[in-house]
Each structure stands twice: as structure tokens, then as C-alpha cells.
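Dear colleague,

Please find below the structure that I am handing over to you. My findings on its interfaces follow directly after it.

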Number of protein chains: 4
Amino acid sequence: MDKKLKIGVIGAGRIGKIHARNIAKLNNVELISIADINVEAAKDLAIKVGAKKYFSDFLKVINDDEIDAVVICSPTNTHAKLIIESAKAGKDIFCEKPIDFDIEVIKKALEVVKECGVKLQLGFNRRFDHNFKKIKELIQNDELGKPHIIKITSRDPKAPPPEYVKTSGGIFMDMTIHDFDMARYLANSEVEEVFAVGNVLINPEFEELHDFDTAVITLKFKNNAVCLIDNSRETSYGYDQRIEYFGIKGCAIAQNDKPTNTIILNEKGVLSDKPLYFFLERYMKSFEEEIKEFVNSVLNGKNVPVSGEDGLKATLIAKAALISARENRPVKMEELL
Amino acid sequence: MDKKLKIGVIGAGRIGKIHARNIAKLNNVELISIADINVEAAKDLAIKVGAKKYFSDFLKVINDDEIDAVVICSPTNTHAKLIIESAKAGKDIFCEKPIDFDIEVIKKALEVVKECGVKLQLGFNRRFDHNFKKIKELIQNDELGKPHIIKITSRDPKAPPPEYVKTSGGIFMDMTIHDFDMARYLANSEVEEVFAVGNVLINPEFEELHDFDTAVITLKFKNNAVCLIDNSRETSYGYDQRIEYFGIKGCAIAQNDKPTNTIILNEKGVLSDKPLYFFLERYMKSFEEEIKEFVNSVLNGKNVPVSGEDGLKATLIAKAALISARENRPVKMEELL
Amino acid sequence: MDKKLKIGVIGAGRIGKIHARNIAKLNNVELISIADINVEAAKDLAIKVGAKKYFSDFLKVINDDEIDAVVICSPTNTHAKLIIESAKAGKDIFCEKPIDFDIEVIKKALEVVKECGVKLQLGFNRRFDHNFKKIKELIQNDELGKPHIIKITSRDPKAPPPEYVKTSGGIFMDMTIHDFDMARYLANSEVEEVFAVGNVLINPEFEELHDFDTAVITLKFKNNAVCLIDNSRETSYGYDQRIEYFGIKGCAIAQNDKPTNTIILNEKGVLSDKPLYFFLERYMKSFEEEIKEFVNSVLNGKNVPVSGEDGLKATLIAKAALISARENRPVKMEELL
Amino acid sequence: MDKKLKIGVIGAGRIGKIHARNIAKLNNVELISIADINVEAAKDLAIKVGAKKYFSDFLKVINDDEIDAVVICSPTNTHAKLIIESAKAGKDIFCEKPIDFDIEVIKKALEVVKECGVKLQLGFNRRFDHNFKKIKELIQNDELGKPHIIKITSRDPKAPPPEYVKTSGGIFMDMTIHDFDMARYLANSEVEEVFAVGNVLINPEFEELHDFDTAVITLKFKNNAVCLIDNSRETSYGYDQRIEYFGIKGCAIAQNDKPTNTIILNEKGVLSDKPLYFFLERYMKSFEEEIKEFVNSVLNGKNVPVSGEDGLKATLIAKAALISARENRPVKMEELL
């Protein structure tokens, strides 16, 4: 019988539950343990997914000799510390994004990961979305030509409550960071300069929290691709996730997914479904895919598809965007290095 | 300077106006005269389109030596007589469909046309529609393979008033006749057998008039293609005109045209325009094309694209459909010959 | 803790595997046993889904006191017998369609089910498809009006091999039977008359097997709805599953599902994905739903959503269609009663 | 009989021909004269559209007492002079965009127009496009809410030859100027700041001509709307003209128009038509509409729908964009005043 990867999951919240369930479905994995500071939550999840151990202490997962790899789904402010501990314990690591809001903290964590020679995959799940993967494949097969213009629309259905916003790191770090990663992934180049505009148009509370609820960002890449990103914290029609890649050979457009393909014709017009409501619905399959890829990378000794460096770079772009929006000027990435 | 075709138009009603205006736009035509039993209507139209003569007497158009060709847009019960007179006067003829409701009358008219050696084009304008022409081109380029299943949806926005229904010849002769012609055109074969179902589901008045407001028809062709036609005299969403051609190499679907391609996303869903309202909007370009083709055929001595035979055959299928719907049995076309 | 339904699965083939895996995902079920004449297949599947028992003898599942309900996925010719045995053993039953090709055999099985007071749900999974369910909801909310015209397109990607065709019961019993059930489900009425046309256009072998590879069927319902079904055993573009419901208040159209919503614009045009390849991909979610509904119906003492009567009626329509196609005449359903 | 507007057309090139033909179709206009420095071109066009006079000298049109209004379609460098002459002659003016590349020249011309009390309409035809007009109507009916994000995609099918580029005024003045006008029209506010990125990715010759072939522009409006424009001088798939307006109440998207709505399903996927090839096809109806509106405005003493001020403002934004792209910084519009 083939070797199974033995995994422990840290954090039994929304995203921890998703990962634990997806891990439990995989044939080449044994899900050993769940940890959460709320031990009841850990226990409940452990029972549901058939994990035999549960803890309130995260380190009990990490330092368990039975474990090969750790999946970190705890709050952001614990990520760097847990990465370091896991690396030191020789465990391969899957960690939710972002590693941290502080660039130095991220760099330190990545150093330890490197020193310890363990794998670290970041949770940029959108790279595994079926629609966006198709664009990536077209690019890799050179069906579209070099990137001239990339456009990413990413709009949430409903603005989060102020308590969430406060600890979110701001729109660029919390929301656009996914788009920054996607832009790098599709442009296949590094960002050279960032110009960002941030507005508060939906809820004045964002102003008080020194954050924005609406933003547009221009990214200039080293290969001359330009990427336009537009974000809104709220729409009237659900979760809006579209991508367009324009090259001289062709243009690929990833449109929204919808609950059904049934349309209705009546006296009002032709009506079709709104997009899938939010990221849990829209990106459910991508969460499955990213964990499957992580497991395969570890078991087969391959590079992980989203590295710690990818996480660092997206965070740096988010920093640059914030400076740009506040100072109303294009910010060169080299300013941040 | 190239020869111009000199045309007289008989009938200044809705369809007469459309043809007269389209003729007036052509560079290789001189529109000489308009006739209508209402001479004021003839005069008004003549002024608008720059025709120098107008009459109440149809024969004055036909027997005018200056005229090369006649466009017949008068009521159906005058068509056969005017075709015969025009043919005898040596004029080429464009005539609105149908030639007549009586098969013997049609045959007689076609005989005279043949004897006199003039051209006769029937007004099956949908053959010239941009969407349907594209399907025909795909067929001609053998991109779809032999026809296995053809589907035609043809639904009017609003049931006509009883006075119209009375003289219309019934749903198969008035409405489906266009679909019968289209089916022959796309199947590229002759109908062997007809099975029709007629219902009165919209307005009980149709029952009193011994007509149907809803119908579905199955046509079996000599080449084994089967065509399914569905008709309704009324919809809640405008004019529904769709065609599907399925062969083993591919399937082509002509969808509805719409006033705009603008869509709206809001809390109700994604809303797009209803189809173009009725045949005047939907088929406007096809009316232009059919007259242009008629003029070109006459000037260049080519066969007209829709012959008198085509008109006869569509009428025979309509007869068969009526027998089938009334007797609830498949009717072989040879029964009518 | 809530009561769990204890289930045994008979048949570990393609559809048995799907049902076993879907059952294993449910929280309110305990999957106890798997049987297959190939005991290795039963064992493998039992291990994968966590069932503790496996057998080669079907009766060992049925007569196990630990079992509440049986899911029958064995070959069609065993269905009636297993239904009867299960009913006599007091087990609720989920059975794949069809119950049998012989009407008398079906009736006998349904009688025993009735006498024994157990539940029987048939595997017409398409009723649980997200697109078609939406049409049903629109009908139930009276957003479309009474049914005037229903159209069902159901085309397979690839003709099956002759050995399959031989035992399939023919196109109407094997393929169209799903469409017959869907037509009844959407029309909300019983079929009065059937007119079917069958052709062999794809592979002459179907002729030798006295079967068709292309068929169109007209169903007349008691409530005057008319349904047009078109079937093909093969397309160039995958699995084509579309439904249209036209009433005076509106028209609903269920379009095909596709692997991605990404489109490509290049010099050839605008290209989007083909439909999902075949029924396993297209209807995967509906298989999950039907089992979930079966379990809920049993646990909560409710009527099952697809009854044995539904299976009988669809089979009767298939019989009528075959008579119609062979004798080229409309067949009244009362002829078969 | 109602008064007819007597019009002279200056310039018998591509756009002059379009306007002359559209004018000739209007019932409330008499097309009197055509002028072109190539008098044969003027004569040919005059014959085709039924104008009784033709000249090589533009002033003969302007100073003709019979004329009420002048339509200026001559090269850009003649626009300001002809506007001034026409205004002084008391003629109402329709002029193709832009008035001039020099802001002072434009201001001077507008002053004279004002002093002389004549009307001046600029040729921003896209405001009259059916798809974009629908967005404007939705905005006016407050169905979308205040503008948060506006996105305009405007890409040409084929890069123009160097000789054209040389005299075009550059991409912002030649191509984006339409988008700048559309942005102001939809945002219903004035631009405060411009950030532009220009690249040469298609043809290095643009570099030598100090122009760009690819550009993206961010416009910040006084009402906090942000507009993202992306331009390319060349695509592989024709003319790409799309607009998106996002407000908190809804999002409207104007998609491309296509020659047909026929789709083909085959082994390659689902293929539909490319967008209409270029602006002559795509915007043909809008050219008709703008002239019709001009005539109606003059005859009924109403404000023209696109003013000289609109022309000036779009030109100022183009200037700002050029500065921004060259100096890589956001440019405030007040810098240019």
C-alpha cells in the first residue's frame, strides 16, 4: 500500500473546516489531529472528519511525531510563529494567506522554512479555480500571446462588519491580495510599479477605520504588461469574480459561475441567475484542488504550486498599493526592498 | 451607365411600403409606379419614394411598357390573377407569399409563368435573414454533416384579431408556411410525411374560427431528416424566432436578435433584452436582401433564389398539416399530389 | 443522537459506486454492506466507503436484520426480483430505473411493494438536477403559466457498443425513458397519446439490432400540453441536455452546463467550452440529491419524490413510442392499459 | 408642409459620405451641396445623394445663402477655421471631432460660436449607440446608483499605417478621446485627475513616432467615480467596444455587437461570431442618430446633445493623459486650466 501523508489541522473555524473535510476525502492522506483554542470546536470537527486526536494547544499538533505536515488555518497573527515552529519540527506546511502584515516577520519565517528545508504552500486558492486555470493553460500553450492588458474584477457581495475590517489589514491586504497574486500568476512577470486609488463610497465607517471600500489599482509589470484591478466591498448582485487576459493572439475572459444555467423569458426581458453568492460557493472546488496539490507535492517531492515567496510578493504589492493610494502617486516596488 | 431595372409596385400597404422603400435605395433600379385601390395611399407612397406614376388600377402598372418587373404586395386573393396578367405582359415578378390557398389556382399561375418565360420570386424573406443564412452557409460548406434533426421555433408576440384570422388561411397557411419553406431550405430535401398537432390554448375564439393558436408539426424528409416545428400565436416576451440544425459533424443554433447587448446585474439576477418585437424589426434586413437578390437575378439573367415551385410546395405541406391535425394521423405528401 | 438509516447497496458497478460514495457522505446514514456477484468488487468498494460487510449473495444484504433500506444498482433483469425480496423483508427500497422491460413484471413488483407497505423510490435522477429543478420551481410558483409546449433535447456524446444496445431495451426504454419521466414531471399531467419517429442515421448496426439511433417523439398530455423530445445516440460536441417550457406567462430554458465559463476571442471567433462530457459529469450532483431525498423521505416518513408508479408510467410511454415508431401512427396510452 | 433644414456637407471622404447618405434619408432635411478639394469626389457624392450643388471651395458651401447648416467632415486641421467661418456666416454647425489639437485654437473657435449665437454639435457619435444609450437610460432612471467604477474597453482591429499615426494627434487624442467623452457622459461629472500608462507592444514604429499602441488610463471624477479605460491599436478578433458601469444598486455591461447570433457546437467547442469588424459597422446606427438629433435640435431650437464644450473637455483630458503617460504621474485637470 502507498504511503499516506499524515496531517494535522490547526484552526477549526470556517476555513479550517473546509480544509479538514477536503483532506478527509483524499485517499493518500490520514487526517490525524485538529487543534483549536476552543477545544470543543476541535473535538466536533475531529469527530466529523474522523481525526483521532484533538487539542486546544497548537504545538501539540506540530510536535506530534506521528504528523508529517501541518495545515495552518488559525488567525493571521499566529501564522508566522506557527510556520516557524512547524519548520523547526520538520513538518511540511500549508498556510492560509497572508503570512503576516509585517514584511520583516514574513521574511524571518521564510528564512526558517528555508533553513529547515521543509515545504511551505500558501493558500492562494484562486490559482486552482477551473475558470482561471483555463486562462493559465491558454497562456502556457501560447494561444493568447504575451500579456498586454490584464483586467481583474473582484467584488464582494456584502461589506464586512467594522470589527472584521479593523483586523483585516485593510482592503489591499485582505481582499486585493488575491488579485495581486493572480496578476503575477497570469502576467508571468514581476510588478515594477503600483498606482492605486481608494475610495469610501459604500459605508462611511471605512473612513473612520482608515480603510477603503472601493479601489482600483494599476500594476505595471517588468514585461510591460499592465494590469487593472477593480474592487468593491459590496454589490447588489452577489460575488463578482471576472478576469480578462488580452494578448495580441487572443483574449480570454473568465466569466462568473452561476447556480443554474436556466433562463426565463417574460415581459420583463430575459433573466438569468446571479453569480454564485460568495467565495465559499464560488471557490469550493479550488479549495479541494489546492490541498490535493499540496499533498501531491509533498508525497512526490515536487515544488509546491504557491510558494512562500509568492506570499511575500503579494504582500509587498499590497503595501505599495496602500502607499500609492494614500500619497496619490505611482510607487515603484524597489522602494519597498 | 449600367442598365437599371424599372419596377412598379402593386399594393401600398405595410409590406408594399417596405418593398417600395427598399427598392428606392437600390442603385440599379428605377422605381416607376405605385398602385393601390386607395389611390391616395398610392400617391403618398409614390411621392415618398420618388416614383413618378401612381394608379388605383393594378393593370395600369402591369401593362405599362416602361416597366420591366412587378412587385405584388396586394391581398392574397389577387396574387394569382396578377401573376398571370404580369406574366402575359412579359414582366418579371416578385410576389408576396402565398400565391393562393387553392393548389389548382397556384398550379395554373405557375404554368402561365412558365409558358411566358418570365421570372417569379416568392416572398419567403426569412431565407435572407443573416442568422439563418449563416446556418445555410455552414450546411453548404458541409461543416455540420447531413441533417438528422432540424428544430424551428416560431412564435408571434400577440395573437391577431379575429377578422384577420378569418381570412388568414389558418395557422399553417399563414404562419407555419414560413417554417415549412425554411425546413425544406435547410433539409435540402423534399417532405415525405407530415404529422401535426393543433391546439387552442390562448384564445377560445380560434376554436370558433376552426383554427389553432398553438401547433407543433413533425416533418419527415426523403433524406431521413426530421424537422420539429413549434408555433404559438402569442408569447409574453415578444417575437421568438430560433432555428437549430443538428448533424453528426456539428449543431448550429440561430438565436434571437435583441435591441441591445447591454445586460444589467442587480438583486433580481442578470437581465438582458427581450427579442426584437415583431417581424418588421426582426426581419427588416431580410426584406432588403430579398429584393436586392430579385433585382440581381433579373438583371443578370440568373435563377431567382425562391421559386414559384417553392411556394407551391410550402402550400402543399400546409394543406397536409391541416389534414393531419384534423384527422390525427401522419399524412403522406403523395396523398396530395 | 438522531437515528441513522442503515443501508445496504446491491451492485458495485459504475452506478453502485456513485451511490455508495454519496451515501457515505451523509451524516444521517450508516452504510452497512455492499453486495456484488464479483465479491472482490464488493470488498474494494466496502473498504473505500467504510462499509463493514460485503457479500456476493444479494440476499445476504436484503435479509440482514441490521439493514433498514436497500439500494439496488444491479443489472435490470434482477430489479423486480430484488424489489420483491426487499419488500417482503420489510426494507425500504431505492432502485435504479427501469424496474423491468415487462409491464406485467413491473406491476407485480409494485403490488408486492404496496402489500408490504415499504417505500420504493426510482432512480430518475434528472428530477434533482439544479437546472431542471429551477424550471419545476418556476412552474410551481406559477411564473410561466400552464404548459403549452415543452421541448426536451437529450443527446448522448457517443453511441454505445452493440453488446450494450442488445440488452438496453432499445432507445426509448434506455434513453428516452428519462425524458418521458421529465415530460410528465414538468407537464404535471398524464400522457394521452404518443407519436414517435425512429431513424438509423449514425450506425447501420442499430438497424440490425432492430433499434434506432435517432428519434423524435411528440407527447400529447391530458391538459393539452404538447411535448417534443429529440434524441441522438451521438454528437460531435458531447452531452446535450436542454429543456424548454413554454407557457403564456413565460418561457424557461435550461441550457447545458459547461466545465468552465471562460471564453476565448481570437481570429476564429468567440469560443466557449463544450457541454460537460456525459451523464456522470453532468448529473453528478443530482445523484447526490436523489439519495439524500430518499433517506430523508424514509427517516421522516414522507412520500418518496419518485414513485414506482412513475417508473411504470414512463415504461408504458416507452412501449407506446416503440409501437408508434414501428407502425407509423399516433398511439393512445389507453391502448396499453 | 414643415420647414426643412438645408444642409451643406464639407468633405466627401469616408465620414463625409456616411453623413451625406444619412442626411439624404431624413424627411426634414434638404441636402443642398457637397464640397471637397477633390471636386470629382464632391460631384460623385452629390449625384448619389441628390445634392444639387458641388464645389472644391469649402467657403462656397458656407457662404451660400440657401444653406442653414454646415456639416464639417474635412481634415482636422481645417475644423477650427471652418467653424469660425460658418459661425460668422450664421450657420449652425455639426463638426467631426476633434475641433483641433491646440486648446487655444479650440477656445477661440468656441468663443466665435458663442458670439455668433449659432449651434455647434461635435461628432461624438458613440453617445448615440443603442447599447451605450441603454446604460445612460438606466443611469438617468437611477436603476444603478451613483457611479463607483466605470470601465471602458476600446480596441481597434488593426493598427493604422505610420502616415496616419503621424497626423493623428496620438492615441489619446485620436482614439481615447471617444472614451474620455463617454466617461464624462456616464459619470455625469467632471474629471479631476488623470493617470495614464502608454506602451508600445504591437509595432515598434509607434515608438519612433512618439506614440503608444497600448494604453490604460485611470480617471478620477469630482463625484468620486473612478473610470478605467483600456485601449489597444490591434486585436486578433476585430473591434472590441465594451462598457461597464458599476453602482451600488446595479451593474450594467454593454457587450459587443456581432454580425449574427448563430452559434456552432462541434468537437472544438461552442463557436460564435467575432464582434462587428470596425467602427463603420459597429457604430453605423449611431451616425444616423447623431445627425437626426442635430437636425431636430436646430429645427426645434433645442440644445444640441454634444456641445463644443464637450469637445474641449475631452481634448483637455487627452492632453492630461499624454502628460501623465510621459511623466509617469497623476495629472490634475486644474494644471491645464
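Six salt bridges are counted between chain A and chain D in this predicted model. One of them joins the side chains of Asp230(A) and Lys151(D), with an N to O distance of 2.8 Å. Polar contacts between chain A and chain D amount to 16 residue pairs, both residues being at pLDDT 80 or more. On the side of chain A that touches chain D, the elements giving two or more residues are strands E7 (147-155), E8 (191-199), E9 (214-221), E10 (226-232), E11 (240-247) and E12 (251-254) of chain A. The largest share, six residues, is that of E10(A). By class, this side of chain A holds 15 nonpolar, 12 polar and 11 charged residues. The contact involves 38 residues from chain A and 38 residues from chain D, and the two chains bury about 3100 Å² between them, 63% of it on carbon and sulfur atoms.

I turn now to chain C. Chain A and chain C bury about 2000 Å² between them, 50% of it on carbon and sulfur atoms, with 25 residues taken from chain A and 25 residues from chain C. Two salt bridges are found across this interface; in a salt bridge between Lys134(A) and Asp273(C), the closest N and O atoms lie 2.3 Å apart. Helix H6 (130-140), E12 and strand E13 (262-266) of chain A each contribute at least two residues to the side that touches chain C. E12(A) also runs antiparallel to strand E13 (residues 262-266) of chain C, joined to that strand by four bridges. Within this pairing, Ala254(A) stands opposite Thr262(C).

With kind regards

Terms used: Residues numbered from 1 in each chain as written. Chains lettered and ligands numbered in written order. Predicted model: local features only at pLDDT ≥ 70, side-chain atom pairs only at ≥ 80, totals over all residues. Heavy atoms only, no water. Contact = heavy atoms within 4.5 Å. Buried area = accessible area lost by both parts, 1.4 Å probe. Salt bridge = Lys/Arg side-chain N within 4 Å of Asp/Glu carboxyl O. Polar contact = N/O pair within 3.5 Å; in protein donor to acceptor, adjacent residues only side chain to side chain. Nonpolar A, V, L, I, M, F, W, Y, C, P; charged D, E, K, R; others polar. Pairing = 2+ DSSP bridges.
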